[in-house]
Amino acid sequence: TVHLNTQSVEWSVTLTAKQGATNVDLGGYKFVDNLSAVGDYISGTFQVGGETKTPTWNSTDKELSYEFPAGSTSPQTVTFATKIPDAKYHATSQQSITNTGQLKDGEDEMKASAQRTVTFTPQWIEKSGAASDTGSGNYDPTNRTITWTINVNQMGADLSDVVIYDKLPDGLTWLSASWEKKDGSNNWVAGGTFTTEPTDHKYSLGAIDTEARLIIVAKVPDEAYVSGVTHYTNTATVTWSGSPSAGLSGGATVGVGYTPITKSGSADPSTRQVTWTVEVGPRGQSIPNPTVYDLIVYGQSIDLSGVNGIPAGIASGDLTPRYGQKYVEGSFVGSGLTVDPIAITDGSGVQVADLLKITGFPQAGWSSFTFKTLVLDPDIFAGNTQQNVYNTATLFSGTTKLNHATATVPYTSTMLAK
């Protein structure tokens with residue numbers, strides 16, 4: 001049995017000997033256990049049949065032994081505890097300890113042995129974070145926060161001089177911090193508060209013998225509007241008297257914001273067409289001139305630096321071409337929205353792609369539109385197998401790229417069967 005709060009493992013060994021069906025006296029026999037790969041014997045824990053006994057402990061060879069006196073009728077149960085080695089105890093992943101006990105006779109000949117492996121995962125620190133900007137209504141790009149929670153000593157070890165080091169990621173502003181610990185009923189109770197952010201980013205909790213947690217609230221920078229998710233990664237480290245000098249660390253990443261454009265699609269091989277659905281949602285934010293562009297290329301490649309038709313101010317690198325398709329004229333459906341199919345031509349004036357420009361998005365809620373493309377790539381529509389068709393819609397504010405969304409649609413060709 002593993003006791004992580006006391007850094008120990010309690011072992012129980014049952015030794016038996018019979019002559020026929022009769023239990024015999026184990027007097028003169030020895031229980032032997034080499035603990036070199038197990039951990040040091042904890043003095044005073046050795047018992048036989050529930051009574052404390054004094055074994056022989058060789059701290060150099062790490063061998064624990066006990067010779068049964070006369071009258072020790074089989075079976076006999078031996079229990080004792082070993083210390084979990086520091087390297088395993090201070091780990092942050094699953095650990096295992098294997099112990100083999102032996103029964104030897106008076107000639108030191110092994111008569112029987114048994115082995116047992118215990119596994120355990122020390123829990124010293126765990127970090128999580130929660131953003132305040134959850135919900136589906138209008139989005140407020142101001143006054144957002146992240147609440148970081150650092151749980152330590154989940155095993156309930158008796159620790160002193162506990163310190164949590166936590167430096168907030170760049171861009172976040174410290175607002176408040178407090179810590180709590182669990183009482184005897186496993187409820188969280190207040191431990192203390194910090195009125196200002198420690199200049200050295202070290203939060204002292206003192207002595208604890210239960211699980212504790214530090215809660216830090218940080219402000220996210222305000223923005224005029226949000227067009228994507230910003231990720232903040234934060235790592236905390238805990239140290240205490242007797243811990244590894246570098247401490248033990250745990251980290252978490254929290255995303256703040258949302259992506260105001262999504263895309264999906266479905267294929268209809270009977271018509272060689274794919275229907276694409278795009279949703280755009282400023283969610284009440286004032287995004288200047290929101291515009292979606294979608295570049296559909298007929299062939300399998302395109303040199304955007306040598307084509308004509310891309311609107312002035314739009315960087316070709318901000319567009320994602322998708323190949324082997326053509327816009328199906330008149331297939332656009334979007335209430336209140338306007339589509340402008342722009343012909344993209346090569347240097348000789350031949351049209352090589354369609355650039356869809358969609359405008360008219362309202363600020364409130366989400367709006368959606370659909371359109372169809374015709375699959376031109378014979379490897380897909382006549383390949384007689386399943387392949388993927390891709391399309392990417394890109395959201396701009398005027399001529400500034402904000403974000404994009406890509407959809408992958410499986411297309412199953414069954415043109416030939418026999």
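Predicted model: local features only at pLDDT ≥ 70, side-chain atom pairs only at ≥ 80, totals over all residues.
I then turned to Y258. The charged end of R283 sits over the Y258 ring, 4.5 Å from its centre.

**Y258 and its partner.** I found that Y258 also pairs with Y139; the pair is tilted, with 5.2 Å centre to centre and 50 degrees between the planes. Y139 is in the loop between strand 13 (125-131) and strand 14 (145-152), and Y258 is in the loop between strand 21 (248-257) and strand 22 (261-268), so the pair ties together parts that are 119 residues apart in sequence. Y139 has a relative accessible area of 7% and Y258 one of 8%. Buried means under 20%, so Y139 counts as buried, and so does Y258.

**Other aromatic pairs.** I counted 16 aromatic pairs in the structure. One of them joins Y66 and F68 edge-to-face, at 5.4 Å centre to centre with 90 degrees between the planes. Both residues, Y66 and F68, are buried. I see Y66 and F68 again in one aromatic cluster, together with F31, F46 and F80.

**Largest pocket.** I read its volume as about 330 Å³. Its lining has 21 residues, and S12, V13, T14, G101 and A114 are the closest to the pocket centre. Strand 2 (8-15), strand 5 (30-34), strand 11 (95-104) and strand 12 (110-120) each give two or more residues to this lining. I sorted the lining residues by type: eight are nonpolar, ten polar and three charged.

Technical notes. Residues numbered from 1 in each chain as written. Heavy atoms only, no water. 1 Å grid on protein atoms, 1.4 Å probe; cavity = no way out; pocket = protein on both sides within 12 Å on 5 of 7 lines; lining within 4 Å. Points joined across faces, edges and corners; volume = space filled by probe spheres on them. Helix = DSSP H or I, 4+ residues; strand = E, 2+ residues; numbered from the N terminus. Nonpolar A, V, L, I, M, F, W, Y, C, P; charged D, E, K, R; others polar. Phe/Tyr/Trp six-rings, centres within 6.5 Å; stacked < 30°, edge-to-face > 60°. Buried < 20%, exposed > 50% of the residue type's maximum accessible area, 1.4 Å probe, protein only. Lys NZ or Arg CZ within 6 Å of the ring centre and 35° of its normal.
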